[in-house]
Amino acid sequence: MEVSEIIERVDMTEYISQYVDLEQKGRELWGLSPFKEEKTPSFSVDPEKKYFYDFSAGVGGNLIDFITRYNNVSVRQAVNMLKQYAHITEDESGEIVTRLEATRIAKRYRNQSKKLPKMTAAARARRRLSTPTAENSML
């Protein structure tokens, strides 16, 4: 999964709102800069474009840019933090799967296994008799 796909899955406004009190003004949201001390809101988020800009700090970008700057981490660490926030994991084949998708897959597997016929006691007995054992092979 590409980083852009991960960014698309996360609501930028919801994520940034953990760190900045945002107020709707027109189509953008505004708040105090998380990067500098200030009294007048100069930090804006455009939820449609999934872009932020901080006029007082002179920085902007996408959600990964915000995470790297706010937490002072590398891009790789920011991607991992975002994946954790969005509950995105990799399955055994290396594909990215959200926790919700993984739950659906597990439920489908359980439902399929419930539909399998149960082995009766007589069938288990026949299976034991047809399976060679150490005692039977010595005869």
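Predicted model: local features only at pLDDT ≥ 70, side-chain atom pairs only at ≥ 80, totals over all residues.
Local features are used at pLDDT of at least 70 and side-chain atom pairs at pLDDT 80 or more, while totals for chains, interfaces and linings take in all residues. Residues count from 1 along each chain as its sequence is written, and side-chain values use heavy atoms, without hydrogens or water.

Let's start with α3, residues 63-71. Helices here are DSSP runs of H or I with at least four residues, strands are runs of E with at least two, and both are numbered from the N terminus. Leu-63, Ile-64, Phe-66, Ile-67 and Thr-68 of α3 are buried, where buried means under 20% relative accessible area with a 1.4 Å probe, counting protein chains only. An α-helix has 3.6 residues a turn, so residues three or four places apart point the same way. The buried residues of α3 pack against α1, α2, β3, β4, β5 and α4. At the helix's N-terminal end sits a cap from Asn-62, with a side-chain oxygen 2.9 Å from the backbone nitrogen of Ile-64. Just past the other end, Asn-72 has a positive phi of about 55 degrees.

Now for the largest nonpolar core, with its 21 residues. Such a core is a set of buried Ala, Val, Leu, Ile, Met, Phe, Trp, Tyr and Cys residues joined through side-chain atoms within 4.5 Å. Touching the most other members are Ile-16, Phe-43, Phe-52, Leu-63, Phe-66 and Leu-82. At least two residues of this core come from each of α1, α2, β3, α3 and α4, and the largest share, 4 residues, belongs to α3. Take Leu-63: beyond its neighbours within four places in sequence, its contacts (heavy atoms within 4.5 Å) are Ile-7, Val-10, Met-12, Tyr-15, Ile-16 and Leu-82.

On to the strands. β3 is covered on both faces, with Phe-43 and Val-45 buried on one side and Ser-44 and Asp-46 buried on the other. β3 pairs with β2 in the antiparallel sense over 3 bridges; strands pair if DSSP finds at least two bridges between them. Leu-29 has Val-45 of β3 as its bridge partner. β3 also runs antiparallel to β4, joined by 4 bridges, and Phe-43 stands opposite Asp-54 there. The β3-β4 hairpin has 4 residues between its strands, and Lys-50 in the turn takes a positive phi of about 55 degrees.

Finally, which strand holds Gly-31? Gly-31 lies in β2, residues 28-31, and is buried at a relative accessible area of 3%. Leaving out residues up to four places away in sequence, Gly-31 touches Val-20, Asp-21, Leu-22, Glu-38, Pro-41, Ser-42 and Phe-43.

Conventions. Buried < 20%, exposed > 50% of the residue type's maximum accessible area, 1.4 Å probe, protein only. Polar contact = N/O pair within 3.5 Å; in protein donor to acceptor, adjacent residues only side chain to side chain.
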